[in-house]
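Open the model in your viewer and keep the selection tool at hand. Please walk me through it, stop by stop.

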Amino acid sequence: MAIIYDEKAKCITLHTKNSSYQMKIGNLDYLIHLYYGPRMPDSDLSWQIRQYDRGFSGNPYRSRHERTFSLDAQPQEFPTQQQGDFRIGSIDVMNADGSRCFNGLVKDVSISEGKYRLLTLPASFASDKDTVHSLRITLEDEYSHVQAILQYGVFEQADIITRSVTVKNGGRQPIHLHKIMSVCLDFLNGSDMDIVNFPGRYGQERQVERQPLTHHVHKIRSGRGISSHQQNPFVALTDRTVTEESGSCYGFSLMYSGSFLAEVELDQYDQVRLVMGINDRLFSYAVEAGEDFDTPAVLMTYTDSGLTGMSHIYHDFFRNNLNRSRFVKDVKRPVLLNTWEAAFFDFDDVKLVEIARAAKKMGVEMIVMDDGWFGKRDDDNSGLGDWYVNEDKIKCGLKSLVEQVNAKGLKFGIWMEPEMVNEDSDLYRAHPDWAFAMPGRTPARARNQLVLDLSRQEVVDYLYGCIAKVLSENNIEYLKWDMNRSLSDVYSAVLPASRQGEVLHRFMLGLYGLMERVTKDFPDVLIEGCSGGGARFDAGILCYSPQIWCSDDTDPIHRLSIQYGTSFGYPVSTVGAHVSASPNHQTGRTTPFNTRGVTAMAGTFGYELDPAKLSLEEKNMIREQLGIFREHYDLIQDGFYYRLTGLGEEPYMAWEFASEDRNEALLSVVVKDIQPNQTLINIRLKGLDPDGLYKLTEESKKYMVHNMMYPDIEARREYYKGDALMNAGYTFPMVFGDYPAMQLHFSRVD
Ligand code: DGJ
């Protein structure tokens, strides 16, 4: 049983395949956190909690004159507010009388089969590989009758525990939430822990940072109304000695795409507390008597198998338990050519059909018409909001264009940015109050656009109508859902002054409601999320779109570190990656075509260039690349992904896909900095059968020839033992030229 409630010991233990999590209804009915770590027997671990008189830490009144019971020094599941715990908190609620207090004591515990549901927020679900149980613990403040209902979903096989909180106002007056975190995890000793997070900027998302916890509050957050380029709602706490292969790792992935907050505090007693949830900046939410407020879920995991072990847990979970689209498992995603870097705003129907014709010849399966096809959109000053075709550009009309592309044997995909509006648009002229702006002030523009108020149902309904019309009147099989600015001037024209603190979260609920309707009504349309590249790359959006455009930086050398960082929390099947033109549009760097292909194959793979500008040799290479990608599609999308190098001193990066049955592996290496008289690249593979005999396939040798200084050396050896490849490694011959890349496929023969 995954959830055990020992009523006598008042202990609740959750078990997954490799982890256990324990809580106890402790002194005075406070809910104490006892343990999260390697799987353990169910026995009560409360003996490890010691109580002392802690100066300036206070004691709950009901403990009478017992000075040793201080909430400031107790590990807790949902810390109280204003009861003597001065660490970072789970809740800041203002009661009707103006008091800011929540003293939650356990009222009820219930266990059920299956996964609990959150109605308005993205949710994970049980897959056929797993059994899931849910636990609900109700904490109640006896004075205000406000409840915090802690909900846990235990995915036993997946090694994931989800946690969210529902606040129920059981009182008679409205309350105001100023902070409500989805998760709180306390550790008795965290002085040797590191925090790993993924900061970045536009075009440089999800770089990896790792630092020791020190005695202050580490804040990882976005206040931009999107999960953001600057931080990601995924963090890990690890042993200081953790490596890719071994050591303890705790992962926390928030299923939310708006402003978020993760706080980690190393306290005066070297205890650690982590909380994570909706950012409290600009947040205040009125919960009327009898109403509920749900927080988004956090997906937690623990593993002692190092960073790779942690990543594999999330990769698996995201491939099985997050998104029901048939493109996740049952249907192969088409290889697409996107028009953005091919033509930017400068195209018309004739040019698109021409691109389609050339793309078909190269073996591409779908054309995606990016920004610029609608309204009066010739640049980014106008048109957003007017989701009808720009007849100056698409003179034949959208339907005919789609038909012409289909007639060439290609699928058709389209770009939209539903949440935005330009002032120069029919939509804005008709409904200026639909855009965020504060009374009497002019709103900040970003990319010349304003943000639509998705907290209003009429706006959401209007957008649904626009999207549904485009998708239902034309044979469109893919939608790139873009979002190109951070939110400011957050103010809704229809909410009273006292409820303006709800707008950011209501915007998210509006967005999720819209995505839910679109995915439900158009299940055959593949949705790719996007936000100026990867500013909304999170477990919330991934519930609706199986893939997200990872970054606007398509320079393959920069992409190495972006995709590397992304891989810690997200599987390769979610990472939108394309081969683009060289010199690169963002950096001006020149790289070989092969290298661009190898890098984009650590993602969904596609193209974003003008076929008319390609040489014959490049066109042939596209055919070759497509052959390789298609042949290894399952291995790339579903295999175990291994990071074989870090962001250290090595002048190259290497990664590998290994199949679950250990019958094949694809090893990729890209050299970032070529050196004379070079040290050889020796890579130890992972995930093979030590006793297996592996053959280097023919196609791999061809790849080597593209880059080798002495190609003849390579052809000599063909067979390798698994243990040799994993322990001694594969040594590449010397490589040559700018940014060479190699991709070797090993297939088991014995
Ligand atoms: C930002 C996206 O990330 C790009 O790929 C492209 O779609 C542009 N927006 C279009 O405006």
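The tour starts with the whole protein and then moves to single residues.

**Before you click**

This is a predicted model, in which local features need pLDDT of at least 70, side-chain atom pairs count only at pLDDT 80 or more, and totals for chains, interfaces and linings use all residues. Residues are numbered from 1 along each chain as its sequence is written, and side-chain values use heavy atoms, with hydrogens and water left out.

**Whole protein**

Show the cartoon. The protein has 39 strands and 15 helices; these are DSSP runs numbered from the N terminus, helices being H or I of at least four residues and strands E of at least two. Its radius of gyration is 27 Å, close to the 27 Å from the globule rule for 750 residues, so the protein is as compact as a globular protein of that length. That radius is taken over C-alpha atoms, and the rule is 2.2 Å times the number of residues to the power 0.38. Along the principal axes, the C-alpha atoms fill a box of roughly 85 × 70 × 45 Å.

Now colour by burial. Of the 750 residues, 63% count as buried. Buried means under 20% relative accessible area, exposed over 50%, and partly exposed in between (1.4 Å probe, protein chains only). Among contacts with a separation of 6 or more, 70% join residues 24 or more positions apart; a contact means heavy atoms within 4.5 Å.

**Stop 1: Glu-244**

Select Glu-244. You are in the loop between strand 14 (234-239) and strand 15 (249-254). Is Glu-244 buried or exposed? Glu-244 is buried, at 14% relative accessible area. Show its side chain. Another goes to the side chain of Arg-643, at 2.7 Å. A polar contact is a pair of N or O atoms within 3.5 Å; within protein, one must be able to donate a hydrogen and the other to accept it, and residues adjacent in sequence count only if both atoms are side-chain atoms. Leaving out residues up to four places away in sequence, Glu-244 also touches others, including Tyr-564, Phe-568 and Lys-686.

**Stop 2: Phe-155 and Ser-124**

Jump to Phe-155, in strand 8 (residues 146-155). Phe-155 is buried, with 0% relative accessibility. Beyond four places in sequence, its contacts include Thr-16, Val-132, Ile-160 and Ser-124.

Move on to Ser-124. Ser-124 sits in the loop between strand 6 (104-113) and strand 7 (132-141) and is buried, at 4%. Among its contacts beyond four places in sequence are Phe-155, Met-255, Leu-299 and Leu-322.

**Stop 3: backbone details**

Most residues other than glycine have a negative phi, and most peptide bonds are trans.

- Pro-583 lies in the loop between strand 30 (579-580) and helix 10 (593-600).
- Asp-270: phi is positive, about 65°. Look in the loop between strand 16 (260-266) and strand 17 (272-278). Asp-270 is partly exposed, at 26%.
- Phe-605: phi is positive here too, near 70°. Phe-605 is in the loop between helix 10 and strand 31 (606-608) and is buried, at 1%.
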